Amino acid sequence: MEEIEHKRRRRQHNQFESVDTCLPRTLDEEFHMVEPFRLHSLIHHWKSVVGPTIAAHTKVLAIEPPKIVICAYTSAWMQQLQMQQRQLLRCINEYYKESVITTIQLTMYRHSFVKETATPSDIDLPHIPTGRINFSKLTIPDASVERIDRICALTDNKRLQAITKKIQIEQEKKNHYLQKQGYVRCPNCGNWMHSNHKICANCKSKHDRYRISAIKSALQERPYMKYDEIINYGQCTLDEFNRARSELLYFYLDRIYHGSVSRQDMYMTAMLLTFKRPEELTDDHVINLCHKRRSNYLSDEQIERLRQASVYREKEDI
């Protein structure tokens, strides 16, 4: 009885406890998850930890001690975070009240691509009838039945004939049903799509990626080109040009960030950033431009390779 009364009083006491107090204890007692909960509570308190300005332009993607992955919404804030990594580490570890995080991995948040692909004009999302199709109530023309019988007659196996005929009839019923609902075949691949689209979503995606790849190939040869220059080689929209150029730039920025010693990578990055031709760039300018975008946490081996390639600059203390 005393134990029951103790539990009752404890429940009454818990009714007045805050979620921040009782939730960690429950996670620890029931699921042994108090440590993951403590680590990921930083996401909820991100604004108060780093301040409203940084929080408005960043997002925590993952917390895997001793590393945290933070994304920036724009390239400008990507550079800002690179310069403020030490302050961020200090703020994060002050929140945890111990040195939990020692490495910050920075990445770009591709929100612009998400917005583009989320618009109704870019995604083929036709109205799909709800519920199951009752094939027993659907009929098909006699000519279709005769054609199916001729196909099935090609084999003497009665069991195979029956299975093939059933599948063919159900497929034919489905095709007639979709036609009545206003669907048409995609002229490229033959898949069903809504009649108000020229091609299906799959073919449109392949077509868009082909165009972006073609623009990236042109930029690989002349990374300094602007939009008014690239349209002399082939028609493309400003949106397609910006997408292709951003993808190519992020590819080379990622290589520079992780300590690439390739002059090709460095000059490609510099030309994409500045729109300048190779003859307009000096070696010193390119090295200084790239070293600002390298990680502050390169290994000793990576730093030694950079020194041997004569492209290393000491990072200034933040």
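Biologist: Among contacts between residues at least 6 apart in sequence, what percentage join residues at least 24 apart?

Modeller: This is a predicted model, and its protein has 318 residues, of which buried residues make up 31%. The secondary structure comes to 16 helices and five strands. Among contacts between residues at least 6 apart in sequence, the share joining residues at least 24 apart is 54%.

Biologist: Which strands are the edge strands of the open three-stranded sheet?

Modeller: The sheet has the order β1-β2-β3, with mixed pairing. An edge strand pairs on one side only, and this applies to residues 58-64 and residues 103-108. The twist averages 25° from one strand to the next. The edge strands are β1 and β3.

Biologist: At about what angle to β3 does helix α7 run?

Modeller: Helix α7 is formed by residues 85-96. This helix lies across β1, β2 and β3. Its angle to β3 is about 120°.

Biologist: How far apart are the end C-alpha atoms of helix α11, and which helices do its buried residues pack against?

Modeller: Helix α11 has 21 residues, 201-221, so at 1.5 Å a residue it should span 30 Å; the end C-alpha atoms are 31 Å apart, which agrees. Its buried residues are C203, I212, I215 and L219. An α-helix has 3.6 residues a turn, so residues three or four places apart point the same way. The packing partners of the buried residues of α11 are α12 (227-230), α13 (238-257) and α14 (263-274).

Biologist: Which class does the aromatic pair of Y227 and F241 belong to?

Modeller: The structure holds three aromatic pairs. In the pair of Y227 and F241, the centres are 5.9 Å apart and the planes make an angle of 55°. Planes under 30 degrees apart would count as stacked and over 60 as edge-to-face, so this pair is tilted.

Biologist: Is Y227 buried or partly exposed?

Modeller: Y227 in helix α12 and F241 in helix α13 are 14 residues apart. F241 counts as buried because its relative accessibility is 3%. Y227 has 27% relative accessibility, so it counts as partly exposed.

Biologist: Which residue lies over the face of F275?

Modeller: The distance from the ring centre of F275 is 5.9 Å. The residue over its face is K226.

Key:
Residues numbered from 1 in each chain as written. Predicted model: local features only at pLDDT ≥ 70, side-chain atom pairs only at ≥ 80, totals over all residues. Heavy atoms only, no water. Pairing = 2+ DSSP bridges. Helix = DSSP H or I, 4+ residues; strand = E, 2+ residues; numbered from the N terminus. Axes fitted to C-alpha atoms, helices over the stretch in contact; angles between N-to-C directions. Contact = heavy atoms within 4.5 Å. Expected span 1.5 Å × (residues − 1). Buried < 20%, exposed > 50% of the residue type's maximum accessible area, 1.4 Å probe, protein only. Phe/Tyr/Trp six-rings, centres within 6.5 Å; stacked < 30°, edge-to-face > 60°. Lys NZ or Arg CZ within 6 Å of the ring centre and 35° of its normal.
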